Amino acid sequence: MGRLRTKGKAGAAKAYVTRSSAVKRLQCSLADFRRLCILKGIFPREPRNKKKANKGSTAPTSFYYAKDIAYLAHEPVLKKLREHKAFAKKLSRALGRGEWSSAKSLEDNKPSYRLDHIIKERYPTFIDAVRDIDDALCMIFLFASLPSNSRIPPSLIENCARLAAEWQLYIMHSRSLRKTFLSIKGIYYQAEVMDQSVTWLVPYQFTQNIPSDVDVRVMLTFLELYQTLLGFVFFKLYTDAGLVYPPPLDTQKDEGGAGVGAFSLQDANHNATLVVAAKEVKVDGKKVSSKDVRQTIKHIVASAPPSSEGDMMMVDTHTNAAETDEEFVAQPSTSDPNAPTILPTLQSLNALPQTISADLFAPYTFFLSRESSRPIFEFIVRSFGGRIGWPPSSGSGSPFDETDDSITHVIIDRPLVGKPNETAEERDRRFRRKYVQPQWVVDCLNAGKILLGEPYGQGKTLPPHLSPFGEYEGAYDPTVGLTHGDITITEAGDGDEEDVSSSADDDTEDDAALKAAAAVAAEDPAALRAAELAAEAAGIDYGTFEKEVTKSLTKAKKADANGQPDREDDMNKMMMSNKKRKLYERMKHGEKKREAQRANLELKKLTITKERKRVLKSTS
Amino acid sequence: MTATGLTKNLKKRKEVDGEVQEPGPFAETVGLEMLSDEEDEDGGSGSGDREVDEFPEIDTRSDSEDEYEGSEDGSDEEDDEESSEASSDADSGLHIFPESKTILSNITGQLKHVYPEIEPDYDSDSSTEDAPNRVGNVPMHWYDDLPHIGYDMNGKQILRPARGDELDKFLSTVEDPTSWTAAFDKTLQMDKPLTPEELDIIRRLQANEVPDPSYNPYEPTTEWFTGKGKEEVMPLTSAPEPKRRWVPSKWEKQKVMKIVRAIRQGRIVPFKPSSSKPQFYSIWAEPPSSHPPPLPAPKPRLPTHSESYNPPEEYLPTDAERAEWEANDPEDREKDYLPKKYSALRLVPAYDRFIKERFNRQLDLYLAPRVQRTKLNIDPNSLIPKLPSPNSLRPFPSYRSLRFSHDKGRVRCLSISPDGAWTISGDEDGVVSLWEVNVGREVKRWKFDYKIGALEWCPRLDISFFVVGVEDKLLFLIPPHLPSAVFTLTKSVLAPATLPPAPATPSPIKWNTPPSSTSADSPILTIDLPSSSGVPRQITWHRRGDYLASVSSSEGQGGVWIHQISKRHSQAPFKKIRGSVQLVLFHPLKPHFFVATQRYVRLYNLAEQKLVKTLMPGIKWISCMDVHPSGDHLIVGGYDRKLCWFDLELSDKPYKILRYHTRALRSLQFHPTYPLFASSSDDGAIQIFHSRVYNDLMTDPLIVPLKILRGHEVKEGLGVLQVKWCYGQPWLVSAGADGNVAVWCS
């Protein structure tokens, strides 16, 4: 006989603790516990058996690993939080007694904690940190655009804005932006840093208000962590790129609304040899991998143009574009013969992993019109090597003004308005430049090549803007024609051609009748004869009827071929175990749902195209 | 006023009397004036509580007094007079403070307040003074509809004073400068001007001052124990003064010295600048710890085409979709946004749920339990077990070759002769039909008065007869047109010339052989089961054809009997049995006996008379079972749609549980020679399975569903009630509740 086992002494009962018992064990307030959890990245766990973990109770609670809580108990931040509690008591006492000097000395020695060790602990390697900065960037960009209030001090917002600018500067410097997506939620950017794709979302430039059902304390705690994390990450990125961190800020430019331009990147080598020497030592002491990474980054930055020269097709268009840079009138003629050959490759390129050349816009000079957002397009254009200028109303620091002759593209987002009194010089300038809508820039960089500016011209109805991130496998693809719908499209087309005079209702009715007849007729010859007669009476010519019949015949055959194994499968389903059956049913359900979504979209597309055709016909 | 209140008042009253009366004799003896003497006398008695006495502390008492006076005023005149000094003080405290004078007491030599004397006449009592309306403390709205407002002291009506309308009121406020100082007197129903004293009190109350103008809250303190000549001479305690009172602390000195030493050595720098560690540095320069990094948080979903500011038109929601999205709760929505199309980028507004979504993401990060799931990336069809195709497992019954109908009543039972040529079927109407399996021609029909519970053909090939179970009886019948040899042998078995000797133990069951004169239609042998044992639910033969077991539907003792033909003897195998017996079965090879109660199947060894094992199918109510001809496998079906396959060698839990019928299972049977079994159910379907059993113990039995036979109608919730296989042919005969018996051929 083995030893008696006491309940609740081993297993899940010991491995998990509830939140309230964790708080009790740590002897801190719930708010402090939350704070610790956020900072340390501790999250609740789902025990396999709740009842076993909660001493037989099934009350809804959240569980933490007991080990996690044990580690938390030794956390220096927790100690600091306790010290801060004592400090707050002392301070309020001193203030209440009017002991101003002691209050001041207390305030001077206020306990404050650092999160360095937590960053190191949560992200042991730099790659881990880079992989996890998505959320941090989103938060930084959000808070950079928030108005300050009593809970959000202006210094915080300033710091966030600084971090955001530093990140954008780095991306522009390293030319690592890959994809951009203008969504209704904001602008998604995707960059490739240290071989990790980093995606972040930037809200459109409007004042955001914090809704009342959002706990700002939680957000601020996250922000605290994120600021520290990003500081360390940027330090590493900048120093690896041979730049000084933090980049010096030109306050005068900043007050002029220069945005990113207020910061100036300084090469660490030029700046101070001392620092470089120190860094050299550091680099040598480091692992080989990070050194390699640094070198590769440098290499990429230095030799971006020659490496991209090695590409195929795309480079051709580029060189074309570069040649035709000066005389823009010629460009349509050169691109016209290319167009048909490009079109199929566009799709194939979309499907393939894109090789985006980092200086897509290098040959061009852009000018932003007043209504398009400067921070967005300055960032995009500059990270692809283009030059960009803007009117003074969008902020100071524009490298050139509107009259500059080197401008090739004007990004304009307003409807076309005839200008009655424009001088000859202005008109000449207008003809020399290309006027495109902002979507053109984004679509170009997502496609990885310069697209035709024609559909994106000023005042034109834009082609749809698609997500460069793609969708799940087998989802509806709006760029490709309908897959199953091939037949139906032709069918519909036939129907349309057949009876343009008859109304739409008639058309569909006839079609349905015909189909049903054909389906029935496929089986036996007598019915076939009858159906033929009926079709004749309905005024359907023999050719279409025959087509229908053969189609339904093949369909029936297919169904037969499928049907036998299907029924067998149905029978075999009986022999599945319960677990497998449930899994099977779930998978089938998901499949069906996806299929339904896809069918819905295809149907919508079909109706839209039909509608469009009808409108076209009626107008012509 | 309630009775309890009254008694309380009376009690209080008595207390007051007691208190008041106490100084009475004292005053007499001293012979001083009532008002002044109190102070003097107090001062004389002791200087201890002098301060307390200076305040008129009669609040509670005065309240009770007032109440008392209000309730039964004028009843006790004397008491009133006696307590007048107290009540006058109270009244003055409540209403108007009479001016007090401060004079030098000639007894104590101190200053004291002296209040003007109150004449003890009727006017001194404020309650009697000016209240011409004597109705008392009653709600005045009682008089609202009357011309008068009460009665005066003489019982005469007081007429309602004229009250002007709103205009008059307004005019009076305009004309009369003092009108704002008047207050409405409820008892007199008219405005009464407030006196200057009352106005002063109101002003003071408004200004948060003490209502009494003469009261000084900041009177100089009187030093009782301090000052020259007043200090206490004697100490309060006799303990000697401790040393710590006059020696400097050693521990304090040590602590201070510790700090001093630290400052001297430079360990403590008083105004040290804050730490000089840089804010950011190369944190990843030193090698990472050996700890595995925590799992990275899952990345948020990347945006799809429908989130574009300018999506393809097919992504835009229709009106119905939009309405559905809006009607749903936010947590029920499939997408947290509605796709929208903007013609230009400048028209795109701010996303109103941006912060909320960020916040939700953070909640997910720190509040949501994370589970690591391995995503199954398999074809769902690969989950379906790969079984041999039914076509390769022929023969099995696949179509209905013929149908035999009973006119009325559902066909409960059927049996097939051991040579496979004849079928008997019995219905609830009491009709038993004998017909040929091949052609479906009815040869003979018996009619009984009761419904047929069970039918079974004797498995012996050299004789031919069958047993029919009707109400309380088992009837042995011989089919017609038998070869004479068979017939005589059958006759000799069932009705031998010399009866075997009666068994030693008497049985409640009687074996009756009717006299030979009766017609050929009548049963040749009858077994009378105990009365009220009900219809035999099941009859089952031992393979040798000598024993047969019957299960009756009655409760108690199970109704299980084993009858032996050769000895014409019946016995109950169980003295007591737990649960109601549903079915019994003889083991095909061993002297074992299966008994299915409602939830369990028990296997008994009849030779050794003991329980071998109990099988637990986990079925709520067992409806049917059959044992494989090899004797190693058992299938059990239940009314809860389950079919359990037991490997008797293996375990007492089912090897496989199948649930494929949509209604209760009714009947199950293994084919005696082919590897087939069939099940029928109340959903009207018969299911044929291939069931191959291997001789080696390592290979699991192979069960392949072959065919679902449909053709019986469901009537009153009942479908196919019994299925039986033909011996030697892969043919199935099924009896349905719709009165049809069908033969299914391959």
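Tutor: Start with one pair: V595(B) stands opposite R602(B) in β23(B). The model is predicted, so local features need pLDDT of at least 70 and side-chain atom pairs count only at pLDDT 80 or more, while totals for chains, interfaces and linings use all residues. Residues are numbered from 1 along each chain as its sequence is written, and chains are lettered from A and ligands numbered from 1 in the order in which they are written.

The pair of residues belongs to a pair of strands. Strands β22 (592-596) and β23 (601-605) of chain B run antiparallel and share 5 bridges. Two strands count as paired if DSSP finds at least two bridges between them. Strands (E, at least two residues) and helices (H or I, at least four) are DSSP runs, numbered from the N terminus.

Now widen the view. β22 and β23 sit within an open sheet of 4 strands in chain B, ordered β21-β22-β23-β24, with antiparallel pairing. Its edge strands are β21 (583-586) and β24 (610-615) of chain B, each pairing on one side only. From one strand to the next, the twist averages 20°. Axes here are lines fitted to C-alpha atoms, for helices over the stretch in contact, and angles run from 0 to 180 degrees between N-to-C directions. In a regular strand, side chains alternate between the two faces of the sheet.

Chain B has another open, antiparallel sheet of 4 strands, in the order β17-β18-β19-β20. β17 (536-541) and β20 (569-571) of chain B are its edges; each has a single partner strand, so one side of each lacks a neighbour in the sheet. Ignoring direction, neighbouring strands in this sheet are turned by 20° against each other on average.

Walk across this sheet. β17(B) and β18(B) are antiparallel and joined by 5 bridges. P536(B) stands opposite S552(B) in β18(B). The two strands form a hairpin with 5 residues between them, and G545(B) in the turn has a positive phi of about 85°.

Is β18(B), residues 547-552, mostly covered or mostly open? It is mostly covered: 5 of its 6 residues are buried. Buried means that 20 or more other C-beta atoms lie within 10 Å of the residue's own; 12 or fewer means exposed, in between is partly exposed, and C-beta atoms are placed from the backbone.

Next, 5 bridges join β18(B) to β19(B), again antiparallel. V551(B) has V560(B) in β19(B) as its bridge partner. Then β19 (560-564) of chain B pairs with β20(B), antiparallel, over 3 bridges. There, H563(B) is bridged to S570(B) in β20(B).

Of the 746 residues in chain B, 27% are buried. Among its contacts between residues at least 6 apart in sequence, 48% join residues at least 24 apart. A contact means C-beta atoms, placed from the backbone, within 7 Å.

Chain A comes to 27 helices and 9 strands. Of its 620 residues, 29% count as buried. In chain A, residues 24 or more positions apart account for 63% of the contacts with a separation of 6 or more.

The chains touch. Chain B gives 61 residues to the contact and chain A gives 82. On the side of chain B, α13 (354-367) and β32 (702-710) each give two or more residues. The largest share, 9 residues, comes from α13(B). By class, the side of chain B has 40 nonpolar, 11 polar and 10 charged residues. Nonpolar here covers Ala, Val, Leu, Ile, Met, Phe, Trp, Tyr, Cys and Pro; Asp, Glu, Lys and Arg are charged; the others, Gly among them, are polar.

Last, the cores. The largest nonpolar core has 108 residues, and I140(A) and I380(A) have the most contacts inside it. Helix α12 (216-240) of chain A gives the most to this core, 13 residues. Apart from it lies another core, of 100 residues, including L414(B) and I703(B). Such a core is a set of buried Ala, Val, Leu, Ile, Met, Phe, Trp, Tyr and Cys residues joined through C-beta atoms within 7 Å. Helix α12(A) has 20 of its 25 residues buried, so it is largely enclosed by the rest of the structure.

Technical notes:
Contact = placed C-beta atoms within 7 Å.
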